[in-house]
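Please view the sequence and structure first.

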Amino acid sequence: IGKANARPDVGVVRIEVSRTAGEPGAAMPEVTEGVANVLAIIRAYGVLDDDIETTRLSLGEKWELNDSQRTFVGHQATNELSAEGRDLTGIGDLIATLAANGATDIDGPYFEIEDTFALRDEARRKAVLDAVATARLLADAAGVTLGSPLLITDGTRTFDRSRLRGVVNESEQMEEPMGMEEPIMESFGDIAEDGAPVVPGTIER
């Protein structure tokens with residue numbers, strides 16, 4: 001077993017802007033205005049467009065259940081964003097500002113480490129040293145000679161920061177990871193008048 005620790009250098013915040021109106025054509029423009037305010041705030045805090053991603057855009061009917069009776073409330077439009085910030089000291093201020101200026105739901109912050117490869121390599125080295133020390137102890141106790149390793153496997157846990165879910169790798173041969181990056185997505189061009197603001201961000205694999 002080997003462990004390595006480091007202070008996080010990325011904070012992720014998920015923001016939802018939701019509005020309800022009598023007509024679907026009225027709900028989406030209200031959300032568009034709210035998201036424009038949210039994006040301006042996020043960018044003012046130094047978050048780059050590559051670190052902002054639209055994660056969901058939806059429009060549907062909203063109903064409420066009262067005394068087993070369903071009541072139609074209106075049409076609800078929702079736009080969800082994910083933003084990654086590097087200035088961790090300002091994330092609390094960012095969240096407070098978003099809450100006071102149009103965001104209807106905020107989730108986070110989630111703290112991550114951008115360069116996980118160096119940290120993982122340190123943990124791997126410590127794990128190998130720990131395994132060798134344990135093997136020597138067992139061999140000495142058994143009165144046998146410790147030979148060369150026959151098999152080394154790795155069960156490293158990695159994280160996809162864009163989705164914030166852990167993915168456990170299956171046991172694999174000890175090799176340096178080969179990073180395959182997706183090409184950075186180009187701008188979608190000018191958003192049409194009254195169009196919903198959509199930010200593609202970047203994708204990492």
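Two strands count as paired if DSSP finds at least two bridges between them. Strands (E, at least two residues) and helices (H or I, at least four) are DSSP runs numbered from the N terminus. The model is predicted, so local features need pLDDT of at least 70 and side-chain atom pairs pLDDT 80 or more, whereas totals for chains, interfaces and linings use all residues. Residues are numbered from 1 along each chain as its sequence is written, and side-chain values use heavy atoms, without hydrogens and water.

**Strand 1**

Strand 1 has two antiparallel partners, as tabulated.

Of the 12 residues in strand 1, nine are buried (under 20% relative accessible area; exposed is over 50%, partly exposed in between; 1.4 Å probe, protein chains only). E23 lies in the loop between strand 1 (10–21) and helix 1 (24–44). E23 counts as exposed because its relative accessibility is 55%. The C-alpha atoms of E23 and H75 are 6.1 Å apart, although 52 residues separate them along the chain.

**The second largest pocket**

A pocket is an open set of points on a 1 Å grid over the protein atoms alone, where a 1.4 Å probe fits, with protein on both sides within 12 Å along at least five of seven lines; lining residues have an atom within 4 Å of a point. The second largest pocket is lined by 23 residues, and A127, V128, A131, I152 and T153 lie nearest its centre. Helix 3 (116–142) and strand 5 (153–154) are the elements that give two or more residues to this lining. Helix 3 supplies the largest share, nine residues.
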